[in-house]
Amino acid sequence: MLIGYARVSRTDQELRLQLDALTNAGCIKIFEEKVSGKDRSRPELDNMLAMLRPGDTIVVWKLDRIGRSMKHLIELMEFFDKNEVNFISLQENIDTSTATGRMLFHIMAALAQFEREMIQERTQAGLSAARARGRVGGQPRINNKKIDQAIKMYNSKDFSIKEICDTVGISKATLYRYLKKE
């Protein structure tokens, strides 16, 4: 069965272009969503994924409608492959039911993997260079005297949380984290 997925990022945007293209492609069921693509968990996408059966084909107007990051796209494609579901992107002419479509997708996946590894290498090189200059990563340590003062102020019940944080120079989260340890 051909199943369409259409998504726009905002509620004031129209789905009509995508819906027309998916209908013309022969989709029997179309899931529509007006939600940002950066949200990995989207209700209609989740509903569609839950109802898929082997032999189904997912159709989207464009790749970025179903996944905003290459990592998410690859995860979806692995899910489709594992569940014997094909995928078609109309604008990019990708059809994973064909050898060419699978090859094209795998080339894209390889490029994405390469990009991730290059980012990791640059990050490690940057961290090494910072260490060589004497810089250490992570959050700065909070002086124990400040923590003791904050806890005393809290226990006295004479100060609000805001007053304690402002006086000592720490955030509410930090204060609560140290109070929890006590």
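A word on the model: it is predicted, so to speak of local features we need pLDDT of at least 70, side-chain atom pairs count only at pLDDT 80 or more, and totals for chains, interfaces and linings use all residues. Residues are numbered from 1 along each chain as its sequence is written, and side-chain values use heavy atoms, with hydrogens and water left out.

Let's start with helix 4, residues 70–82; helices here are DSSP runs of H or I, at least four residues, numbered from the N terminus. His72, Leu73, Ile74, Leu76, Met77 and Phe80 are buried in helix 4 (under 20% relative accessible area, 1.4 Å probe, protein chains only). Just after helix 4, Glu84 has a positive phi of about 55°.

Now to a helix pair. Helix 6 (residues 144–156) packs on helix 7 (residues 161–168) at about 160°, axes 10 Å apart; axes are lines fitted to C-alpha atoms over the stretch in contact, and angles run from 0 to 180 degrees between N-to-C directions. The two are therefore roughly antiparallel (over 145 degrees).

Finally, Lys181 sits in helix 8, residues 172–181. Lys181 is exposed, at 61% relative accessible area, where the cut-off is over 50%. Its C-alpha atom is separated by 53 Å from that of Ile88, 93 residues apart along the chain.

Conventions:
The expected span of a helix is 1.5 Å times one less than its number of residues. Angles under 35 degrees count as roughly parallel, over 145 as roughly antiparallel, 65 to 115 as roughly perpendicular and the rest as oblique.
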